[in-house]
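Some notes on the model follow, as numbered points. Please read them with the structure open.

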Amino acid sequence: MIKFDFSTIPIPLSGKVVEYICPKCKTEFEAPIEMVEEFEQEDAFNGLPISTPPYIICPKCQHNKCVPLDYKSKRGYHHKYNK
Ligand SMILES: [Zn+2]
């Protein structure tokens, strides 16, 4: 599993992570929960439905729509990816 380099993020990290998968190249990686929640909040601000997963860019192929494998969002939606 690839570890993303999130050292550039200007927020303190708790060490909690969410497992992500790139639907394009099938790379699985971990993203800090703080980052996921940040994206989630942005989606909420932008008025996106709660079923919208907080997308993250793939560390391998740069595909920008990687989704959580299994994540219960703060907005109250259970995101699940079927491999
Ligand atoms: Zn990828």
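1. E40 is part of helix α1. Helices are DSSP runs of H or I with at least four residues, strands are runs of E with at least two, and both are numbered from the N terminus. The model is a predicted one, in which local features need pLDDT of at least 70, side-chain atom pairs count only at pLDDT 80 or more, and totals for chains, interfaces and linings use all residues. Residues are numbered from 1 along each chain as its sequence is written.

2. Is E40 buried or exposed? E40 counts as buried because 21 C-beta neighbours lie inside 10 Å. The cut-offs, with C-beta atoms placed from the backbone, are 20 or more other C-beta atoms within 10 Å of a residue's own for buried, 12 or fewer for exposed, and partly exposed in between.

3. Which residues does E40 touch, leaving aside neighbours within four places in sequence? The contacts of E40 are P54, S73, K74 and R75; contact means that the C-beta atoms of two residues, placed from the backbone, lie within 7 Å. Y55 is 15 residues from E40 along the chain, and the C-alpha atoms of the two are 8.6 Å apart.

4. K26 sits in the loop that links β2 (17–21) and β3 (28–32). This non-glycine residue has a positive phi, near 65°. K26 is exposed because it has 11 C-beta neighbours inside 10 Å.

5. Q62 belongs to the loop between α1 (33–45) and β4 (67–68). The phi of Q62, also a residue other than glycine, is positive and near 70°. With 10 other C-beta atoms within 10 Å, Q62 is exposed.
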